[in-house]
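The sequence and coordinates come first, and the description follows.

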Amino acid sequence: MPAPTPEVAPRFGFVVHPLTPFQRRLLGVRSGDARLMRGEPSDRPPGRVISELAVERAVGTPVRGMLAAIPSLPETLLKEQAAGVGDVLDAVRLCNGAGARVVGLGAVTAVIGGQGKAVAEAAPCAVTTGNALTAWAAVETWARFDALRGRDAPVGLYGWPGAVAGGILRLLVDRGATVRVVSAAPPTPLIRTLDRLTREGPGRAELVEHERLVFERGQVLIAASSTGGRIALSSLPSGAVVIDVAAPVDVDFDVPFREDVLILDGEMVRLPGRLRGTEPWQTLYGWVTGQGERIFACFAEPMLIAGSGRLDLAACGRDLPIERLRAMAALAAVEGFSVDALCARGRPIRGARLLAFAERRVR
């Protein structure tokens, strides 16, 4: 599919929603909605543009886009799926009416309506969940950490049969890694999938009953479930390394901090150029996501698709075929999207912290 002409700036949209009641109140403040400010349901249309933004590119015109907000919290979207699909669809239509060629749904919003498929089927433009670039970012994060150790080692994976976990598994095997998939009672489809991937290679996949079997060998665990809150920080053995992918996060911070374990963000992507936006972009999105200079891969995916003109790579649903994952990885390299640092809670980890952790791990 041809790229957009340089005279016309490619446009994208992204549907954002608060993750906590406090963030919903902040959304009310930023959108001037008095009912949301008080923590009450809004009486306004659910989809509204809350910020215009643009991403500079090394070549070509900037990619321009917008955030459209819905006030529902994740639990409401999950419990009232029909209403949630309608609200998200209204926001998608609003973005498309403003010129968006592709709209991203984001990690949590995409769980409604069959992994976003219900929205995509009724949408007037391309819709994508962001799962493909999220899987790529997680594997890039693992590769970056693995390079610091100077040796290849098996990697654990937690979260199957989630869409992102499935994409990570395919990419890791495609890169030649040995993947130890955590499943206490593996269902037949998982066993068949691992057997097929091992036959196809060049890597291999095997089963382990518990994540502790990953940690006791000093291996990294990539945690990518769709529900979050599965692993207590206090329960991790000393020296454990977890790459926590997307939101909701899998590691429950039941204790504030531990110096003897490393919890890495698994979805932080550096954009090809500066991200500019109107207020409340700089404040609101940071409050909602906890991000600074880097952004979630699920948010970067519609930017990448819009800027390249590869609308055929937009997709919803659980399946992430390896051909699409490879194409997304190649496109990210061409367009200048990268995982350029190991991050924790949205910020790059200082080299001194990594060095101290490595020395403590050896001891």
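A residue is called buried when its relative accessible area is under 20%, exposed when it is over 50%, and partly exposed in between, with a 1.4 Å probe and protein chains only. By that criterion, buried residues account for 53% of the 363 residues in the protein chain. The model is predicted: local features need pLDDT of at least 70, side-chain atom pairs count only at pLDDT 80 or more, and totals for chains, interfaces and linings use all residues. Residues are numbered from 1 along each chain as its sequence is written, and side-chain values use heavy atoms, with hydrogens and water left out.

**Overall content**

The protein chain has 14 helices and 18 strands. Helices (H or I, at least four residues) and strands (E, at least two) are DSSP runs, numbered from the N terminus. Contact means heavy atoms within 4.5 Å. Among contacts between residues at least 6 apart in sequence, 70% join residues at least 24 apart.

Two packed helices are described by the angle between their axes and the distance between the axes. Here axes are lines fitted to C-alpha atoms, for helices over the stretch in contact, and angles run from 0 to 180 degrees between N-to-C directions. Angles under 35 degrees count as roughly parallel, over 145 as roughly antiparallel, 65 to 115 as roughly perpendicular and the rest as oblique.

Helix α7 (residues 131-149) and helix α12 (residues 297-308) have axes that come within 7 Å and cross at roughly 120°; α7 and α12 are therefore oblique to each other. The crossing of α7 past α12 is right-handed. For the handedness, a crossing is left-handed if the near helix is turned anticlockwise from the far one by less than a right angle, and right-handed if clockwise. On the α7 side the contact involves N131, A132, L133, T134 and A137, which meet A297, C298, A300, E301 and L304 in α12. By class, this contact of α7 with α12 has seven nonpolar, two polar and one charged residues. Ala, Val, Leu, Ile, Met, Phe, Trp, Tyr, Cys and Pro count as nonpolar, Asp, Glu, Lys and Arg as charged, and the others, Gly among them, as polar.

The axes of α7 and α13 come within 9 Å and cross at roughly 70°, and α7 and α13 are therefore roughly perpendicular to each other. A132, L133, A135 and W136 of α7 make this contact with R324, L325, M328, A329 and A332 of α13. The residues of the contact of α7 with α13 divide into eight nonpolar, no polar and one charged.

Of the 19 residues of α7, 14 are buried, so α7 is largely enclosed by the rest of the structure. Helix α8 is mostly covered, with 10 of its 12 residues buried; among them are A163, V164, I168 and L172. The expected span is 1.5 Å times one less than the number of residues.

| Helix | Length | Span | Expected span |
|---|---|---|---|
| α7 | 19 residues | 28 Å | 27 Å |
| α8 | 12 residues | 17 Å | 16 Å |

In α7 the span is close to the expected value, and in α8 the span is also close to the expected value. G176 follows α8 and has a positive phi, near 90°.

**A residue of α13**

E335 is placed in helix α13 (residues 322-335). With a relative accessible area of 18%, E335 is buried. Leaving aside neighbours within four places in sequence, E335 is in contact with R57, P272, L304 and S308.

**Backbone features in loops**

W160 and P161 are joined by a cis peptide bond, with omega about 15°. P161 is in the loop between β6 (155-158) and α8 (163-174). Another cis peptide bond joins G201 and P202, with omega about 5°; P202 is in the loop between α9 (188-200) and β8 (204-208). R345, a residue other than glycine, has a positive phi near 55° and lies in the loop between β17 (343-344) and β18 (347-348).

**Two further loop positions**

P248 is in the loop between β11 (241-244) and β12 (251-252) and is partly exposed, at 33% relative accessibility. P248 and S226 are 22 residues apart in sequence and 7.1 Å apart in space, C-alpha to C-alpha. S235 is in the loop between β10 (231-232) and β11 and counts as exposed, at 52% relative accessibility. From S235 to V255 the separation is 20 residues in sequence and 9.9 Å in space, C-alpha to C-alpha.
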